[in-house]
Amino acid sequence: MAETTARAAVPKGFRSAEQGWPALHRIPRPPYRLPLLGDVVGASRRTPVQDSLRLGRELGPIFRRRAFGNEFVFTWGSRLVADLADESRFAKHVGLGVANLRPLAGDGLFTAYNHEPNWQLAHDVLAPGFSREAMSGYHPMMLSVAARLTEHWDAAATDGRWVDVPGDMTKLTLETIARTGFGHDFGSFERSRPHPFVTSMVGALSHAQRLNNVPPPLAPLLLRRAGRRNAEDIARLGHIVDEVVRRRRADGHGDGDLLDRMLETAHPVTGERLSPENVRRQVITFLVAGHETTSGALSFALHYLSLHPEVADRARAEVDRVWGDTDTPAYEQVARLRYVRRVLDESLRLWPTAPAYSREATQDTVLADEHPMRRGAWTLVLIPMLHRDPEVWGADADRFDPDRFDPAAVRSRPPHTYKPFGTGARACIGRQFALHEATLVLALLLRRYDLHPDPSYRLRVTERLTLMPEGLRLRAVRRSARRAEIPGQRTDSGAAS
Ligand code: HEM
């Protein structure tokens with residue numbers, strides 16, 4: 001894989017597991033290994049994460065796979081993952097899919113190597129953009145984007161049409177991050193086809209995933225056409241972002257959003273600023289990282305809510321109780337929706353939409369007193385399997401049950417068993433943003449609609465580095481419209497409009 005080492009002093013070429021894991025032979029691997037190709041029997045290029053989940057179930061909490069001459073170690077057992085969370089011995093590893101995004105996002109926050117100075121600089125400059133105070137400033141904008149979604153769903157409800165859940169959630173979350181972060185409007189709800197930003201982003205993410213499936217030296221040859229298309233996608237994303245930045249510079253400044261911080265804020269200690277090239281990378285990073293994962297989280301949650309009307313009723317009752325009559329809840333009224341949040345937590349347990357992160361040893365060490373690792377050795381943490389470890393989540397770990405996030409249940413579990421937002425210094429900077437946005441939107445939708453599943457739908461999960469329920473559609477029926485049909489009940493004015 002074309003990558004520099006994560007720390008200057010880590011020996012180069014320490015990437016295939018044979019070099020970093022002296023007792024690799026003790027780690028199980030699939031039984032049928034083909035010469036040159038490796039462990040590809042039964043593997044699909046489209047579903048690498050779900051294949052690894054299947055293998056994980058068969059092979060246990062730590063296992064390895066070989067592909068095109070490189071051996072990779074996968075980890076999901078809760079004891080092992082808890083040990084990997086020790087920041088004094090392990091750190092983020094920029095590998096596989098994340099490294100493949102470097103041509104797109106360079107040393108932007110998500111893809112930066114730990115040693116790159118722009119990581120700390122951007123982290124320190126941008127972290128205040130996710131403070132409570134900043135978040136409460138985003139709240140009215142989140143509400144106004146959500147109103148565009150409900151307008152769209154109201155029209156579908158009136159016409160008796162299905163709603164395209166992943167498509168609409170992607171519009172919502174893209175508009176939300178674009179508006180709150182960069183004062184920009186992509187007009188997603190007014191378009192009949194996805195905005196070119198979304199098309200190019202999906203192209204770039206899919207390409208980054210595809211690169212994992214070809215031997216790195218052969219990628220330029222085997223993926224020549226795809227590589228050209230990817231370069232075009234990256235160029236298009238760059239142009240779109242440059243235009244957003246150009247407009248902001250022309251307009252003076254926004255209202256203290258992320259882009260203002262990127263352009264105007266100096267580091268509190270060193271006085272350094274982000275370079276124009278780095279601003280471009282950060283804008284792309286936030287637009288991509290800030291919407292695809294949240295959109296998937298909302299989509300899975302809506303899927304489960306539609307299948308579990310008793311959970312939807314309980315969540316709805318909470319919304320009615322906490323929000324009372326208002327259609328425009330205050331910022332503080334969102335955090336008080338404890339049960340809605342549990343629905344979201346449970347959906348992210350079963351389908352953490354960023355399904356893996358990598359950790360590397362920053363010193364020679366022994367993982368969980370069992371597996372020696374040399375400095376620079378790394379492993380991929382499979383979050384959906386961690387979240388289904390029967391030792392922690394029980395024999396029914398595949399069952400959807402928001403009560404697993406009841407405070408007493410949470411307290412009874414060991415730490416580091418739930419990691420949808422990654423771990424340590426490089427964990428998700430947008431966690432609170434995503435949770436606030438998704439809780440707010442779920443609550444608004446629950447209050448306004450009954451959600452009816454398509455009886456013929458069976459969950460299929462599509463992968464493009466992130467996870468998404470493919471082809472999920474629901475019927476959203478206005479609740480007030482239904483109440484209107486029940487004799488003797490008060491009719492809300494404009495119920496189904
Ligand atoms: C449900 C939604 C989300 C999920 C599941 C999620 C998940 C993650 C995970 C697992 C990581 C760590 C990756 C690693 O260790 O390699 C991460 C990092 C990151 N996320 Fe999120 N994320 C979500 C929403 C957001 C949002 C809304 C934003 C921005 C507004 C965002 C921005 C970032 C950034 C910039 C990083 C890199 C942080 C760093 O390395 O300093 N994410 N996210």
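R64 is buried, because 21 other C-beta atoms lie within 10 Å of its own, where buried means 20 or more such atoms within 10 Å, exposed means 12 or fewer, and partly exposed lies in between, with C-beta atoms placed from the backbone. This is a predicted model, in which local features need pLDDT of at least 70 and side-chain atom pairs count only at pLDDT 80 or more, while totals for chains, interfaces and linings use all residues. Residues are numbered from 1 along each chain as its sequence is written.

R64 is found in strand 1 (residues 62–67); helices (H or I, at least four residues) and strands (E, at least two) are DSSP runs, numbered from the N terminus. Leaving aside neighbours within four places in sequence, R64 is in contact with A17, L24, I27, R29, E71, F72, V73 and F74, contact being defined by C-beta atoms, placed from the backbone, that lie within 7 Å. One of these partners, L24, is 40 residues from R64 along the chain, and the two C-alpha atoms are separated by 8.5 Å.

The helix pairs can be taken next. Two packed helices are described by the angle between their axes and the distance between the axes. Axes here are lines fitted to C-alpha atoms, for helices over the stretch in contact, and angles run from 0 to 180 degrees between N-to-C directions.

The axes of helix 7 (residues 132–159) and helix 21 (residues 431–448) come within 10 Å and cross at roughly 40°. Helix 7 is therefore oblique to helix 21, given that angles under 35 degrees count as roughly parallel, over 145 as roughly antiparallel, 65 to 115 as roughly perpendicular and the rest as oblique. On the helix 7 side M135, M142, A146 and T150 meet Q432, F433, H436, E437, L440, V441, L444 and R448 of helix 21. By class, this contact of helix 7 with helix 21 has seven nonpolar, three polar and two charged residues, where Ala, Val, Leu, Ile, Met, Phe, Trp, Tyr, Cys and Pro count as nonpolar, Asp, Glu, Lys and Arg as charged, and the others, Gly among them, as polar.

Helix 14 (residues 292–307) and helix 17 (residues 338–350) pack at an angle of about 105°, with their axes 9 Å apart, which means that helix 14 is roughly perpendicular to helix 17. A297, F300, A301, Y304 and L305 of helix 14 make the contact with V343, L344, S347 and L348 of helix 17, and these residues divide into eight nonpolar, one polar and no charged.

The largest nonpolar core has 123 residues, and A301, V381 and L442 have the most contacts inside it; such a core is a set of buried Ala, Val, Leu, Ile, Met, Phe, Trp, Tyr and Cys residues joined through C-beta atoms within 7 Å. Helix 21 gives the most to this core, with eleven residues. Not counting residues up to four places away in sequence, L442 touches L298, A301, V340, V343 and L344.

Most residues other than glycine have a negative phi, and most peptide bonds are trans.

Conventions: Contact = placed C-beta atoms within 7 Å.
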